[in-house]
Amino acid sequence: MIISESWLREWVDFDLDFATLADRLTAAGLEAGALTLVPRVSEAVIAGRITHLRPHPDAANLSLCEVDNGSGSVIEVVCGADNARAGLVAPLAMPGAILPDGSVIRPTTIRNKISTGMLCSGAELGIDDSVSGLLELDRSLAPGTNLNTHLDLGDQLLEIDLTPNRGDCLSLLGIARETAVLANGHLKIPVFPRVRARNKLSREVELICPTECPRYMGRIIKGLDTGSRSPDWIRERLRRCGIRSIDVLVDISNYVMLELGQPMHAFDAERLQGRITVRPSIKGERLKLLDGVAIRLKQEDLVIADDGGPIALAGVKGGMGTMITPTTRTVMLEAAFFAPTAIARTVRSYNMPTDASHRFERGVDFELPSVAIQRASELIVDCCGGACGPIFGRTIKRHLPSRKPLRLRSSRLERLLGEKIPARQVRAVFNSLGMNPKPDPGGWTVSPPSYRFDLSGEHDLVEEVARIIGYEKFESHTPRVQVGRGLAPEGVLNADRARDLLVDRRYFEAITYSFVNPALQTLVAPGVPTINLRNPIASHLGQMRLSLLPGLLGALSNNARRQVRDVRFFETGHVYLKKGRTRTEVERIAGVSMGTALDQTWDRPDRLLDFFDIKGDVEALLSLADTKRCTTFEQNSNPAYHPGQCAQIWIEGQSCGWVGRISPKLQEFVELESPIFAFELDWDLINKTKIPEFLPASRFPAIGRDLSFVFSNDIAAATIGACIRESAGELLVSLDLVDIYRGKGIKEGQKSVTFRLTLQSNSRSLTDEEADNITGRIIAAIASGLDGELRAG
């Protein structure tokens, strides 16, 4: 929002200079940017009217203009502008004038003709960037009028960046209110004259969706001259606020929007059919917008329609079928209140933000429509003539935003701000904000104005008191922290401990969107029901994620495009599962890695990451909770992982996740060449820890045995270990896989697997005979259950 100082001072009297006001606004939550000066031009630049124009005898592209400069005589000026014509009023730089580029105007001979002065464009005067021709001024402007006075030059502009909750400040009126409060100024809102109805033209209005449009107002103005030109003061104020002049009706609509904050639209009334209806669109309807874009409407879209169909996308943009043309003589003005959620939904659905939707999304004062129509009627009649009909429309009050009184407790105010604020000062703050405070036992009750959508609770009132008094007025206090009595549960692993371990293992934590690319998600989890977004923030982020992998793979891809190819990421977050009508959030932890296994050094060759590197990371993560629980990695298939390099992870017989190399299709989709390894685990299934308990250390010696067996290649080491544990019994205190061998002495399709057993009792020393009995049971169980045989030699 860009604010003009001269325009603002018409609405509020204040003594501060504009730079100090900018600091006050920033301190109060309205972030002000840098000041921009609208410079004055030389006092010798005045308005001149071309009374006669003829071609230059010696130059085909030049004209000789006789210009009335208000002195009672006519001077001759040589001009090359395409829009120079008799009757045109334009800036005239008289001899002695100094232009912004430093050039001095003097009588000059141009192709044997003396030019006494210079007719100027806006760019030559530093007013705007247009170099297409002379700067056209009001036709009624008297020759000789000083340009600084006429255009109010020497102004300052301030751009204010507003937070989404302060839609009330998207207008001069809103900034004037804030200025009056913060600068101890006097608000002097102009009283706009009521334009009386001179005919009975009106339209019936029907509100089909009162929750999304509870108020719709209109007015018909007949007998307009739509070819009229907007007056300079409107055009110049629009230009300073960053809006270009289009035509008189659009300019007036934009002007009222900037002045009051109420977006408006004008329809060609002669092209309307029957009554006006605010309703949802009907399936199959289409609408061609003002910019020529034709859209197929969705059933949830809110539209303005007549008996012939949709004529505008409510609160966003009008339709071409009822647009104003040079032949338009009767218009219907529209001003309405639309629910912010309805407009936000439409804008995101079509990615079509406009100045109007920007305001409706943040909330527009529902008391403004009739005021805005009166103001626009006054300006239109002044500029275009015409006769106004009565203001018509419909309001369903029960669906207007409720403005319930809010209560502020003095104790709550003191506790949050750390200081006791005098009651008189609190009342003064609320009175200045137009909230009509009423004292009650222990505090105040205030009524939020209709334009303050951001005031919904007691905390908002505390913020208002603090920001108006000034945050800098409050002393800083170290917060008092009271330690809670409850302790963290011993049986659950803290997620921070898992994060720390992965960071120690060279991973970086990533935070990615919960919204993912549907095409990528289909490769990760084909056939799994998804939760689709109605209004995604981007077309490629249209589904809630079923896995953390899409976001992490995207992060890898982004880094690879920036030449970072040795990187590991992990993320903890929720995935969103759908089963029928049920929606479930599941917390997971996942990681991805690519590149070399170790840092590059001169004394060893580089080695790329492989399956066992990522498996080691997962084993370390799982061992944080409980090193003794039964964890197995079972070779299996998953669409997200590479066939043959993928394992399903089981804990105590329950599947808790996957680990492996990313599938070639996924890798191709994210445009990565290096092998990518990943894991994903259900956090709630792996974070159960075993509470420490005392176990006496055995005073008796342990016996070790190494057993080597020959198995078929398809027998997993985890399966062999489980068989050994089951047959060995309670005297087996540890079991370690020490070797897997394939090669000389082993048949094709087989492997040799060696385990180291440690046997020990807490009550006695084991004998060799007992150890031999245990190993015998193991050998028999291996032979009968897994068709393995003890390897000789």
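Because the model is predicted, local features are taken at pLDDT of at least 70 and side-chain atom pairs only at pLDDT 80 or more, while totals for chains, interfaces and linings use all residues. Residues are numbered from 1 along each chain as its sequence is written, and side-chain values use heavy atoms, with hydrogens and water left out.

**The largest pocket**

Begin by selecting K615, E619, T631, A718 and R725, which among the 46 lining residues are the closest to the centre of the largest pocket. A pocket here is an open set of points, on a 1 Å grid over the protein atoms alone, with protein on both sides within 12 Å along at least five of seven lines, and a lining residue has an atom within 4 Å of a point. The space in the largest pocket comes to about 1800 Å³, where a volume is the space filled by probe spheres set on the points, and points are joined across faces, edges and corners.

Next, colour the elements that each supply at least two residues of this lining, namely helix 16 (611-623), strand 33, strand 34, helix 19 (717-728), strand 38 (732-741) and strand 39 (750-759). Helices (H or I, at least four residues) and strands (E, at least two) are DSSP runs, numbered from the N terminus. Strand 38 gives the most to the lining, with seven residues. By class, the lining holds 20 nonpolar, 14 polar and twelve charged residues, with Ala, Val, Leu, Ile, Met, Phe, Trp, Tyr, Cys and Pro counted as nonpolar, Asp, Glu, Lys and Arg as charged, and the others, Gly among them, as polar.

**The loop at N636**

Now select N636, which sits in the loop between strand 33 (631-635) and strand 34 (641-651). N636 counts as partly exposed because its relative accessibility is 31%; buried means under 20% relative accessible area, exposed over 50%, and partly exposed in between (1.4 Å probe, protein chains only). Setting aside neighbours within four places in sequence, show C646, A647, Q648 and W658, with which N636 is in contact, contact meaning heavy atoms within 4.5 Å. The side chain of N636 also makes a polar contact of 2.9 Å with the side chain of Q648. A polar contact is a pair of N or O atoms within 3.5 Å; within protein, one must be able to donate a hydrogen and the other to accept it, and residues adjacent in sequence count only if both atoms are side-chain atoms.

For the next move, draw a distance from the C-alpha atom of N636 to that of I189, 447 residues apart along the chain, and expect a separation of 75 Å.

Select V250, N254, M264, H265 and L290, which lie nearest the centre of the second largest pocket, one lined by 33 residues. Its volume is about 860 Å³, and the largest share of its lining, five residues, comes from helix 6. The lining divides by class into 21 nonpolar, six polar and six charged residues.

From there, move to helix 8, whose buried residues are A356, S357, R359, F360 and E361. Among the elements that cover these buried residues are helix 6, strand 22 and helix 7 (340-350). After helix 8 comes G363, with a positive phi near 100 degrees.

**The nonpolar core**

Select L8, Y216, I304, L313 and F338, the residues with the most contacts inside the largest nonpolar core, which has 115 residues. Helix 6 supplies the largest share of this core, eight residues. A nonpolar core is a set of buried Ala, Val, Leu, Ile, Met, Phe, Trp, Tyr and Cys residues joined through side-chain atoms within 4.5 Å. Around L8, not counting residues up to four places away in sequence, show I3, F14, F18, L21, L172, I175, A176 and T179, which L8 touches.

E671 is exposed because its relative accessible area is 63%.

Note on methods. 1 Å grid on protein atoms, 1.4 Å probe; cavity = no way out; pocket = protein on both sides within 12 Å on 5 of 7 lines; lining within 4 Å.
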